[in-house]
Structures are given as C-alpha cells and as structure tokens.
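Let us read a protein model together, one feature at a time. Bring your questions, and we will work from the general idea to the case at hand.

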Amino acid sequence: MKAFQGNSVLQAVTVAGGRPLHLEAHIDIAREAFFSMYGIDPGCDARIISKEIATAAAESGYPAGARLLAIVEYSLEPDEGATDGYSAFCSADIGGQLLYNGYTLWHKRPKAAVMPYTSFLENVPCTTSAICSAYALRHAVREGCDAAIHSTTGALTGLAWQVRCEKPYGAASEWGVGEYPLFFVRGRETATPSPQSGAQKSVPAMLGRAALEAIGKNVAIRRVEEHEAATADEIFAVTPQGVVSLKSCDGKLLPCVTAEKVAAAMCEFEHKSPL
C-alpha cells in the first residue's frame, strides 16, 4: 500500500450559490475509486465535505455566491492508530471561478486529435490519470490541436481538456486537466464509452446521459472503437462547466447540433438533480 501513497482520488465539484452540486454522486464515485486503489472505504460524510468546501470558498477571495470549481481530494496518509498504518484523509480546495453562471455550451469549439496511450489506473479519477491526461493534452497542442481524445487498447475513453477558470483579483488560471466523458453521435445512435472499456465513472458522464434522455435520445454505454472517431457525425464532451462540442477530430470537421440540445437540457439540472 505504501507504494501507492501520494496517488489521490480527485473530484471536481461545481459549486453554485455556495451549494456543491450533485455532491452525493461525487462521493459515491470517490468511495468506489478509493476502495479499488487501497481497499479502504474513506467513509466520506457529505455534511463534512460540504462544510470544508464552504470554508475553502470563504477563504478563497471570490465573490459570495460565485460559481466555483471545488477540488475534493481523497488521499492515503500515515496513521499509527490504524491497523495497517494508513488511513483515508479528505480535503477540499477551490480551483477557480467558472466563467459562466450555469451549465452552458462552451463558447470555443476545440480541435481534437486521437492520442493512443496506456497508463496505470487510467480509468480511475486520480492524480496519476490526471498527469497522463496533461501529457496527452500537451502532445495534442504541439500537433496544433486544443484537446486529446484518449485511446487505450483500441478503445476511446475520454477527452483530455482544460476547464477554464479565473483566479481572484483578475488573474487568469487554467485549472486541472482532466479526462471528461465523450459522446459520439452517428445516425440515430449516441454512444459513450463504458467503464469496462476504460472510461472513468464521473458526474459529468451521468449528467450527459440524463440530458440526452431528457431530449429523447437513447444512449448506448459500450466500448467505442478508435476507428469510430473518424465516422462519427458529431462528438461532444461534458465537463463541470457544461458541454464542449468538438470542431474537428483528426482534421474532420464536425457539426454542433445534439450538443446544443444537451446543454439546454442541463440547465434544468441546476435546481433539480437527475442523479
């Protein structure tokens, strides 16, 4: 277990009006991920985490009620009183202020490239997978793109992309490269990569599926083969900010139709969570 120490489970939680959205769902995902890594249930309490987020927000210098991105981290720390010498520890910080006050269709449509790579714990939302996403994104940028579509063992899993945030006092900040859930539209089918094929379980993935169902679209959760990126009619991702519609993938131009409808449907999730 000591060999894995320092590899934390991460959750990016949207905070609206001082309220962390879909916190229970974030906690469920984090508990499952942490247990898969360490065999320990971190025993997360939503009330305690909510208070930690509120304290971090109050100390961050952002305007009261601003829409923020909170980073909740679950780490393994030495504990002499524990049976195996380690215990779970949870902390919260503020990554930045999101640019929009609600879920929205991102104003810039990024160009993406498929990047094949395999990493340790790539389907777990943790420090290691975030570092690998950052390297993939840097490589995509060197190729003239804005985002990287992760491909592992021939299957597409997610989009390496940065959520744009602002820091207090006007300073700009690019927060957290992460791997965000992808949706591939082809004909009447909308497919999204399954956890069994390497995709990360996430709240944005759940929100994207719920929004598609709200507009009458069935979602196939399955293995999405690498070659399907070239034949998709439309590709979009869901992030803590909302929906990101890809302008192109490996040079092929893509439309933005379903993504607009999904973004509109997600606006309803501000006040009534579908999760």
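The dialogue below goes from the whole chain to single residues of this predicted model.

Q: Let me start with the overall fold. How many helices and strands are there in the chain?

A: The chain holds six helices and 17 strands. Its radius of gyration is 18 Å, close to the 19 Å that the globule rule gives for 275 residues, so the chain is as compact as a globular protein of that length. Along its principal axes, the C-alpha trace spans about 55 × 40 × 35 Å.

Q: How do I read contacts along the sequence?

A: Take contacts between residues at least 6 apart in sequence: in this chain, 70% of them join residues at least 24 apart.

Q: Let me turn to a helix. Which way do its residues point?

A: An α-helix has 3.6 residues a turn, so residues three or four places apart point the same way. With that in mind, look at α1, where Leu23, Ala25, His26, Ile27, Ile29, Ala30, Ala33, Phe34, Met37 and Tyr38 are buried.

Q: What do the buried residues of α1 pack against?

A: Their partners are the strands β1 (9–16), β2 (19–20), β3 (68–78) and β4 (86–98), together with the helices α2 (46–59) and α4 (203–214).

Q: What should I make of backbone phi angles?

A: Most residues other than glycine have a negative phi. Just after α1, Gly39 takes a positive phi of about 70 degrees. His22 is not a glycine, yet its phi is positive, near 55 degrees. His22 lies in the loop between β2 and α1. Asp250 also has a positive phi, about 50 degrees, although it is not a glycine. Its place is the loop between β16 (248–249) and β17 (252–253).

Q: Are His22 and Asp250 buried or exposed?

A: His22 is buried, with a relative accessible area of 11%, whereas Asp250 counts as exposed at 51% relative accessibility.

Q: How does sequence separation relate to distance in space?

A: Two pairs are worth a look. His150 and Tyr117 are 33 residues apart in sequence and 7.0 Å apart in space, C-alpha to C-alpha. Tyr103 and Thr153 are 50 residues apart in sequence and 33 Å apart in space, C-alpha to C-alpha.

Q: Where does His150 lie, and what does it touch?

A: His150 is in strand β7 (residues 147–152) and counts as buried at 1% relative accessibility. Leaving out residues up to four places away in sequence, His150 touches Met115, Tyr117, Glu122, Ala155, Leu156, Thr157, Gly158 and Glu179.

Q: Where does Thr190 lie, and which residues does it touch?

A: Thr190 belongs to strand β11 (residues 189–193) and counts as buried at 2% relative accessibility. Beyond four places away in sequence, Thr190 touches Phe183, Phe184, Val185, Leu212, Asn218, Val219 and Ala220.

Note on methods. Residues are numbered from 1 along each chain as its sequence is written. This is a predicted model: local features need pLDDT of at least 70, side-chain atom pairs count only at pLDDT 80 or more; totals for chains, interfaces and linings use all residues. Side-chain values use heavy atoms; hydrogens and water are left out. Helices (H or I, at least four residues) and strands (E, at least two) are DSSP runs, numbered from the N terminus. The radius of gyration is taken over C-alpha atoms; the globule rule is 2.2 Å times the number of residues to the power 0.38. Contact means heavy atoms within 4.5 Å. Buried means under 20% relative accessible area, exposed over 50%, partly exposed in between (1.4 Å probe, protein chains only).
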